Every structure is written in C-alpha cells, then in structure tokens.
Amino acid sequence: MNEVIRVSQLKKSFSGHSIIDGIDFVVPQGNIFALIGTNGAGKTTVVKMMTTLLKQDEGTIQVNGLDSSTEAEKIREIISLTGQFTAVDDVLTGRENLVLIGKLRHLKDYQKRVDTLLKQFDLQEAAKRPVSTYSGGMRRKLDLAMSLMSEPRILFLDEPTTGLDPQARAVLWQMIRQLKQKGVTIFLTTQYLEEAEQLADTVAILNKGKIALQGSMAEVKKRLPQGTIELAFADQETLKQAEKRVGGELNEERLTLTVTTNDEVQKITEVLSALQQQQIQILGFAQKNPTLEDVFFSIVNQQEAGK
Ligand SMILES: Nc1ncnc2c1ncn2[C@@H]1O[C@H](COP(=O)(O)OP(=O)(O)O)[C@@H](O)[C@H]1O
Ligand SMILES: [Mg+2]
C-alpha cells in the first residue's frame, strides 16, 4: 500500500475541552477516505490540522511523507482544500475568481486551465456573471474548480455537499468520482452516511473525539444497524396478529410493528405477503434507513456489550 496520508495519535483541545482525543488513520494513494461525524464532532478541526491551518496539541500528521509540524510549507504546495464555507468572492464573476487563483498561485498557462475547468464544471455561461447570482450548487462547483486550478494530487473536501439539493449533490459526487479516476487522493468529511457510501473506499466514524469505527465501506456496513420497515395497524388485535406472523418490535401506543429487513426487497416482500395471506390489513407502511444517530447508538452499544 502506497500511503499518502498518515495521522497518528492526533489530539486537540480548545480551552481545556478535548475535541480530538487520539485518532489514527492512513489514506492510501488514489483512495477516497471519508471522515463521518455529526455537527460539532470535530471534522473541520481535523481537516484544519491536516491542511496545516491549525496546530495539533499532540500526535503527528504526514502528507506525502512530509511532517506537518516541520514541513508545513511543502505540504501546502501539494494539497488543495475546499472548505465547508465557500471561499468564492461574490463581487467577482466565476471566471474572475478562477483567474485570481491562477495569478495568486503564479500558475503558468492559467487561462487555459480556467477554460478547461469552466467547461468541465458546466459553468461556461455562468462564468460571465457575478457569483452573487449563483445558486448554492453552482458556488460549490466553482469552489471545487478553484481548488483544482493547481491540479493537486491530494484534495481535502470539508463537507462538500452540505446544504445542497439532491441534484446538485449528485453532480458534485460525479465530479469527485472523476477526480479519483484521475488518481487524486481525496480526504472528505461528511454528515451523510449515504455520501460516504457513494464515494468512499475507506470510512472512519468520528464520535466523542475518537474514531468509533473504521474500515472499508463494506466492512463498516456490516456493523451498522440494519434497515427496517414500520407497519401500522388499525387496532391492538391486528397488531398482535401481525407480530405473531412476522415477528418484529411492537409499539402498542402507536400501533406499529418494526421489522428488520436489511433493506432487502426480498425480505420486505416476504413480510408483506405473509401478512396478506393471513388477511391482516396494513394501514401504513414506512421504510426506515438508519440515521447517523442510529449508527452511533448502535456502535456505542456494541462497544459496551464487548467490554
Ligand atoms: N477555534 C476554536 N475555539 C474553540 N472551540 C472551537 C474552535 N474550533 C472549533 N471549536 C469547537 O470544537 C468542536 C468541533 O468543531 P468542528 O471541528 O467545527 O466540528 P465539525 O466540523 O465536525 O462540525 C465544536 O464544539 C466547536 O465549537
Ligand atoms: Mg465542520
């Protein structure tokens, strides 16, 4: 494994409050690594330390073999960061924002690069207008294009799609995948399990300053809570009949039965047809996928059970 990033025993406190409490991970060349955590978990703090914007209290960060404490300058030359809050200038047009980066970074041939990126990101028309007229999705695209001006081999994306509508999110996902295909190593943070599932080779779940779970998406998924369906019934009697037939967890107050289906169509069909065969009438049906909160809850329970 050709590793590009290695983080060891990283710690950070703010005014005596421990935010990051000893985390370790490695990102191989060309991989997408997703750090997952809820709001306030410490994702941006980790990204800032990795991109040399903030000093850690303890531990080491190596990027391409360079140590962040002693070789921060060199690290800055080879990475690019798209922050959680867009860094675009509202007054300038899209094109002007890109040109500015080209000038600031003393890039050769930057006009050509600007044209290529505008085309790639489908921003050619919009590039003539001030950014103040852009939608959230267009801003994020421009922001990403700006961080790609210097053709970085290592890219940090801090919550790249938070606040975007599903369509804009899908567009950004596609672009991130294309970067991976070009061999760019990507470290991203997200609050969405689904995003990690869509993009990441390796995921790490950050909770209470520690990494609660880490591994390939497939490995982690095996340990996540399963998808369920919630069935609603008209009265207690029907509810009990249904439970007798298909099992699951009763909620007598709400007259619902929750059955684990692992999101498998086959299993869902089995449950529904078993009830239909017994002529048990279902009033309502809802499919529930685990939320990040469910995941943390389940991980903490598993860890406590294992002690
Ligand atoms: N410069 C700072 N000074 C004090 N507290 C901070 C600072 N930066 C972040 N924090 C706190 O650290 C915690 C983690 O923040 P952050 O890394 O931004 O989380 P995330 O990006 O996962 O939402 C929060 O409680 C936040 O208030
Ligand atoms: Mg953040």
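These notebook entries record what I looked up in a predicted model.

**Conventions.** I number residues from 1 along each chain as its sequence is written, and chains are lettered from A and ligands numbered from 1 in the order in which they are written. Because the model is predicted, local features need pLDDT of at least 70 and side-chain atom pairs count only at pLDDT 80 or more, while totals for chains, interfaces and linings use all residues.

**Entry 1: nonpolar cores.** I looked up the largest nonpolar core and found 44 residues in it, with Ala-34 and Ile-36 having the most contacts inside it. Such a core is a set of buried Ala, Val, Leu, Ile, Met, Phe, Trp, Tyr and Cys residues joined through C-beta atoms within 7 Å. A residue is buried if 20 or more other C-beta atoms lie within 10 Å of its own, exposed if 12 or fewer, and partly exposed in between, with C-beta atoms placed from the backbone. Strand S3 (residues 32-36) gives the largest share of this core, five residues. Strands (E, at least two residues) and helices (H or I, at least four) are DSSP runs, numbered from the N terminus. Another core, of 19 residues, lies apart from it and includes Leu-98, Ala-126, Val-131 and Leu-148.

I then listed the contacts of Ala-34 (C-beta atoms, placed from the backbone, within 7 Å). Beyond its neighbours within four places in sequence, Ala-34 contacts Leu-188, Thr-190, Ala-196, Leu-199, Ala-200 and Val-203.

**Entry 2: helix H3 against H5.** The axes of H3 (residues 94-104) and H5 (residues 136-147) lie 9 Å apart, at an angle of about 20 degrees. Axes are lines fitted to C-alpha atoms, for helices over the stretch in contact, and angles run from 0 to 180 degrees between N-to-C directions. H3 is therefore roughly parallel to H5; angles under 35 degrees count as roughly parallel, over 145 as roughly antiparallel, 65 to 115 as roughly perpendicular and the rest as oblique. Gly-94, Asn-97, Leu-98 and Ile-101 of H3 meet Leu-142, Ala-145 and Met-146 of H5.

**Entry 3: helix H3 against H4.** I found that the axes of H3 and H4 (residues 110-120) come within 9 Å and cross at roughly 140 degrees, so the two helices are oblique to each other. Here Arg-95, Leu-98, Val-99 and Gly-102 in H3 meet Tyr-110, Arg-113, Val-114, Leu-117 and Leu-118 in H4.

**Entry 4: Gln-241.** I located Gln-241 in helix H9 (residues 236-246). Gln-241 is partly exposed because 17 other C-beta atoms lie within 10 Å. Leaving out residues up to four places away in sequence, Gln-241 touches Gln-278 and Ile-280. The C-alpha atoms of Gln-241 and Gln-278 are separated by 8.9 Å, with the two 37 residues apart along the chain.

Note on methods:
Two residues are in contact if their C-beta atoms, placed from the backbone, lie within 7 Å.
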